Amino acid sequence: MEVLEKLQEAGEIGLPLIIRFPEILKDRLDDLQTAFQSAIFRKGYRGKFQGVFPVKCNPDRYVVEDIIRFGGDVAFGLEAGSKPELLMAMTYMCKGSADALLICNGYKDAEYVQLALIARQLGMNAIIVLEQEEELQIVLKMSQYLRMQPVIGVRGKLSTKHSGHWGETSGDKGKFGLSATEILSIVRSLKNVGMLNALRLLHFHIGSQIPSLSIVDEGVTEAAHIYCELSKIGASMRYFDIGGGLGIDYDGSNSSASAMSVCYTVEEYAEQVVRAVDNACALKKVKSPTICCESGRGLVSHHSVLVFDAFSVSKLPCGKEHSAGEDMKVLLQYQGLPHDLMVLSEELARFLKIGNVEGALACAKQLKVECTDSFKLGLISLEVRAIADQLYASVSSLMSEELKKASLPSLTKKFGLGISDVDQIATYHINLSIFKSVPDSWAIGQIFPIVPIHRLDEEPVMRGILSDLTCDSDGKISSFVAGDVLGKPSSFLPLHKLEADRPYFLGMFLGGAYQEVLGSMHNLFGATHVVHVVGKSGGSFQISRHLSGQSVSNVLYAMQHDPLSMLTDLHSRILDSLQEGRFGDISEAMLALHMLQRSFSSYTYLSHDHDCHSGF
């Protein structure tokens, strides 16, 4: 909150906003490195560990630069899965350790392979990992063309997989990797051309967000035996790349029963990996390899916070008994109300009079349904339907108080009511695009911790869901961390009441992995502003970097539009409108032009500057 206050005082940047904490990123990198080094020491393992960051997880320039900078002393490297990623990785590894690994994954064409081979010519430790058997011929052809020896790896397709969304890319039917038959075919092809010594790495991927250590043990053990067999066949094996999969605890449950959590620590994960590799190598009498880990989610998720504001909330009924009574009087005095609706109305009035809220709610629910049906038949007016809706909402609010005195199961049994009949959940409208900033929430039901970042000394008395700026019914978040031991999500978020002329800020945590790069431009909402915050002595902090989010012009360019041409056309229309008398004078026309110019350069999200013409 202090960061926001400092930014607001300077008037430099608005919301939504990503706040990055590079020191948290360094801490996560150090934790991963220390965990594996400690496991290697305790086990007496004869190999070493080298970390690799998959840039697809967060390709932000400063994130990648920080990882190379923070990991320089331990030869922390990068993994690329496409030509743009490879060019980016090569560029930033110019400042990294010469021993750092550049893992070249993904599907490959001749140009991709050429780039990887050039990286080796530039002194980088680039390894081309074969995803398909056909890629070997491309590698051999390009190596001959550039007259250099490649370093090759193979991606094995394991039988091991885990359940849940992130396990679908693993197992025998997984998207990536080579079967045992295909791996042996590659070995024979390399042997035939005298290049078996070029094969030095085995790569595999059990799946992202591995929930338990038993799956880690099964997958690593299976892959370790493949590695040992390749070494015994005659390949110059050196690296054992376990891919990604190190999970994080999104929902706080620390449970493998939850798809949003894990039941192990980084230290336990490293211990299990080292033990499984060591056991297989000892059994097969193979030299211990360098263990590589491509942890992305576990490395970068924690270091950034997405901050946004709620600008309005759907209005709930006041829920006071006299309000329901006043609505009841209006309905009973209404002329021409059908007989069955009049009977229901009188019954509802009787329940309210004697204070029987349970009976009133059951009656109000039936009245709402029958009024809706009557309205569709043209038998009642819109006013009557609205009163029936309001009565149901008001009595529902009264029932929320009654829940403190009676259990919901007894009400359900007696009146056929469910939690939706009595639970008032407000919709908070947030200055954000779910599709741009939290795409996994929409796409796969991912749950992220979301909490208010101020007013923490006040009890949140509202129950809310979040609705974004897009014109899409899916643009909402309605599942939240509940603190349940099994990770069962909550259908609402405890929130404070909005106060007039006082902003309400919320933060989404653990979104540093994938969310920024997966986001779409639905409704042309663009990338958000970013600031970097670093600590200073004495517990203070410094905002070290401001990065502006995308403007309206930026997102229009991305969709093949030309903002300059668009503004020119609008300028011409203003001149025509001036001649046709649609403007009072030239000053009004110029004001319209200035406002259009300003709009093209503005942020795509809502502004709280109510004086839009200021500065003209």
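**Ground rules.** I am working with a predicted model, in which local features need pLDDT of at least 70 and side-chain atom pairs count only at pLDDT 80 or more, while totals for chains, interfaces and linings use all residues. Residues are numbered from 1 along each chain as its sequence is written, and side-chain values use heavy atoms, with hydrogens and water left out.

**Overall build.** I looked up the secondary structure and found 22 helices and 18 strands, taken as DSSP runs numbered from the N terminus (helices are H or I, at least four residues; strands are E, at least two). Along the principal axes, the C-alpha atoms fill a box of roughly 100 × 70 × 55 Å. Of the 616 residues, 50% count as buried, where buried means under 20% relative accessible area, exposed over 50% and partly exposed in between, with a 1.4 Å probe and protein chains only. Of the contacts (heavy atoms within 4.5 Å) between residues at least 6 apart in sequence, 76% join residues at least 24 apart.

**Nonpolar cores.** I then turned to the cores, each a set of buried Ala, Val, Leu, Ile, Met, Phe, Trp, Tyr and Cys residues joined through side-chain atoms within 4.5 Å. The largest has 92 residues, of which Phe36, Phe53, Ile67, Leu102 and Phe240 touch the most other members. Helix α9 (residues 266-284) gives the most to this core, with nine residues. A second, separate core of 30 residues includes Tyr62, Leu306, Leu493 and Met508. Leaving out residues up to four places away in sequence, I listed the contacts of Phe240, among them Leu202, Phe204, Tyr227, Val277 and Pro289.

**Cysteines.** I searched for disulfides, meaning pairs of cysteine sulfur atoms within 2.5 Å, and the count came to zero. For Cys263, the nearest cysteine sulfur is that of Cys293, 17 Å away. I also noted that Cys263 is partly exposed at 38% relative accessible area, and that Cys471 counts as exposed at 72%.

**Cavities.** A search of the whole structure gave me three cavities of 30 Å³ or more. On a 1 Å grid over the protein atoms alone, a cavity is a set of points where a 1.4 Å probe fits but cannot get out, and lining residues have an atom within 4 Å of a point. Grid points are joined across faces, edges and corners, and a volume is the space filled by probe spheres set on the points. The second largest cavity has a volume of about 40 Å³, and its lining includes Val438, Ser441, Gln446 and Phe448.

Conventions
1 Å grid on protein atoms, 1.4 Å probe; cavity = no way out; pocket = protein on both sides within 12 Å on 5 of 7 lines; lining within 4 Å.
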